[in-house]
Amino acid sequence: MEYNILDSVNLTDLSNFKSFTDRYFSKRYILNVDGIENNDIMLMFHSNRITLLSLAPSHFFFKNDNDYKINFNVGNIDRLTNTVKGKGKKGGQILIPKSVICKIEYSNGKNFDVPACMKGTLIEVNEELVKNPIFLKEEPDSNGFIAIMLSSIANSDSTKSELLDHEQYIKMLNSK
């Protein structure tokens, strides 16, 4: 007797299934980065020290309807040229919390920087955002992540402990 595993799943109602990032990453938040109201960043930590950088749902970006593009060429550094090699991910660009990963540039000429918000190594940026910037707005915690970073266990743990977890984040938003 053959059993089809798909028969055990109700494919018409997928609302009960968590996304990949919801299952394997713990979300942490930084509010008002650089003292700018609603400049909120979300860092998603995996147990293997990989961290995804994204904009938090409360970021002012999501309230702006202007056309935009993502520019990974920041100052004299082109984040798109970042390359790492091997199991240890050697050669990645070194990041400090203030390191700018990209600029979000609006069609009206305004822009803002997205900082790394933690110390680590840049593994890669999401090149797909250059071609499909809509992912940043529509899927910020999955296909719309901005960058993948790696840090030491100690640095990852200390950064995580300093940031708001999801419940604290929701509580802070509700108290505004």
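Okay, a helix here is a DSSP run of H or I, at least four residues long. Keep that in mind for the end, and keep in mind too that this is a predicted model.

Strand 4 is joined to strand 8, residues 100-106, by 4 bridges, and if you look at isoleucine 70, its bridge partner in strand 8 is isoleucine 104.

Now, salt bridges: the count comes to 5. One of them ties strand 8 to strand 9, because lysine 103 lies in the former and aspartate 113 in the latter, 10 residues apart in sequence. Their N to O distance is 2.6 Å. Lysine 103 is partly exposed at 23%, and aspartate 113 is partly exposed as well, at 31%.

Then there's lysine 98 with aspartate 34, closest N and O atoms 2.8 Å apart. The lysine is in the loop between strands 7 and 8, the aspartate in the loop between strands 1 and 2, so this pair links parts 64 residues apart in sequence. Lysine 98 is exposed, at 59% relative accessible area.

Last one, back to that helix. Glutamate 128 and lysine 131 both lie in helix 2, residues 128-131, and they're 3 residues apart, about one turn. They form a salt bridge at 3.7 Å between the closest N and O atoms. Glutamate 128 is partly exposed at 30%, while lysine 131 is exposed at 61%.

Key. Residues are numbered from 1 along each chain as its sequence is written. This is a predicted model: local features need pLDDT of at least 70, side-chain atom pairs count only at pLDDT 80 or more; totals for chains, interfaces and linings use all residues. Side-chain values use heavy atoms; hydrogens and water are left out. Two strands pair if DSSP finds at least two bridges between them. Helices (H or I, at least four residues) and strands (E, at least two) are DSSP runs, numbered from the N terminus. A salt bridge is a side-chain nitrogen of Lys or Arg within 4 Å of a carboxyl oxygen of Asp or Glu. Buried means under 20% relative accessible area, exposed over 50%, partly exposed in between (1.4 Å probe, protein chains only).
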